[in-house]
Amino acid sequence: MNTGTAKDASGLKAKPGLGRVLKAAGYSLAGLAAAWRHEAAFRQLSCMALLLIPAAFFVTAVPVERALLILPVLMSLALELVNSAIEAVVDRVSLDIHPLSKRAKDMGSAAQLVGLCAIAIIWLAILL
């Protein structure tokens with residue numbers, strides 16, 4: 001039975017309206033902070049984004065091209081957040097080596113590789 005106590009998160013799901021939006025924003029900021037603190041790959045991608053996003057404004061004056069340059073950079077950050085979340089959940093369940101755990105972690109890593117390839121392909125297509 002759902003008691004909504006401090007030990008389960010069900011009570012957080014019932015917030016309506018602006019309260020829910022504000023709570024969600026707080027959780028998102030906490031997630032970004034946790035990724036920055038605990039994930040070296042997220043910090044590296046963030047530094048790359050701090051270079052590439054401003055560079056997009058110098059590379060082209062065409063707004064659609066700028067958007068095409070910036071979007072995969074932001075998506076790569078999002079993919080890294082999801083990849084890190086998958087790894088955290090797998091590690092939370094068990095630190096034992098298991099084929100399904102490896103598969104989940106490898107697939108998250110592969111998603112990030114696809115994102116990085118998208119950055120390279122789009123930047124090269126626009127720059128060349």
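I began where helix 2 meets helix 4: L45, M48, L52, A55, A56 and V59 in helix 2 touch Q112, L116, I119, W123 and L127 in helix 4. Contact here is heavy atoms within 4.5 Å. I sorted the residues of that contact and got 10 nonpolar, one polar and no charged. For the sorting, Ala, Val, Leu, Ile, Met, Phe, Trp, Tyr, Cys and Pro go down as nonpolar, Asp, Glu, Lys and Arg as charged, and the others, Gly among them, as polar.

A note on the source: this is a predicted model, where local features need pLDDT of at least 70 and side-chain atom pairs count only at pLDDT 80 or more, while totals for chains, interfaces and linings use all residues. Numbering starts from 1 along each chain as its sequence is written, and side-chain values use heavy atoms, with hydrogens and water left out.

Next, the overall layout. I count four helices and zero strands in the chain, in the order α-α-α-α from the N terminus. Helices (H or I, at least four residues) and strands (E, at least two) are DSSP runs, numbered from the N terminus. Of the 128 residues, 19% are buried, buried being under 20% relative accessible area with a 1.4 Å probe, protein chains only. Among contacts with a separation of 6 or more, 57% join residues 24 or more positions apart.

Back to geometry. Two packed helices are described by the angle and the distance between their axes. The axes of helix 2 and helix 4 come within 13 Å and cross at roughly 20°. Axes are lines fitted to C-alpha atoms, for helices over the stretch in contact, with angles from 0 to 180 degrees between N-to-C directions. I therefore put helix 2 and helix 4 down as roughly parallel, the label for angles under 35 degrees. Their crossing is left-handed, meaning the near helix is turned anticlockwise from the far one by less than a right angle.

I then checked helix 2 against helix 3. Their axes come within 9 Å and cross at roughly 170°, so the pair is roughly antiparallel, a label for angles over 145 degrees. On the helix 2 side the contact includes A41, F42, L45 and S46, and on the helix 3 side R66, L69, I70 and V73 are among the residues. This contact divides into 15 nonpolar, two polar and two charged residues.

Helix 1 against helix 2 came next. The axes come within 5 Å and cross at roughly 105°, which makes helix 1 roughly perpendicular to helix 2, the label for 65 to 115 degrees. L32, A35, W36, R37 and H38 of helix 1 meet A40, F42, R43 and S46 of helix 2. I sorted these too: five nonpolar, two polar and two charged.

Which residues of helix 2 are buried? I found F42, L45, S46, A49, L52 and A56, packed against helix 1 (17–38), helix 3 (63–93) and helix 4 (99–127). I also checked the length of helix 2: its 20 residues (40–59) should span 28 Å at 1.5 Å a residue, and the end C-alpha atoms are 28 Å apart, so the two agree. The expected span is 1.5 Å times one less than the number of residues.

Helix 4 has 29 residues and reaches 41 Å from first to last C-alpha, close to the expected 42 Å. Its buried residues are S101, G108, Q112, G115, I119 and W123, and their cover includes helix 2 and helix 3.

Last, I looked up S76, which lies in helix 3. S76 is buried, with a relative accessible area of 1%. Beyond its neighbours within four places in sequence, S76 contacts L45, Q112, L116 and I119. I also noted that S76 and A118 are 42 residues apart in sequence but 8.7 Å apart in space, C-alpha to C-alpha.

Technical notes: Buried means under 20% relative accessible area, exposed over 50%, partly exposed in between (1.4 Å probe, protein chains only).
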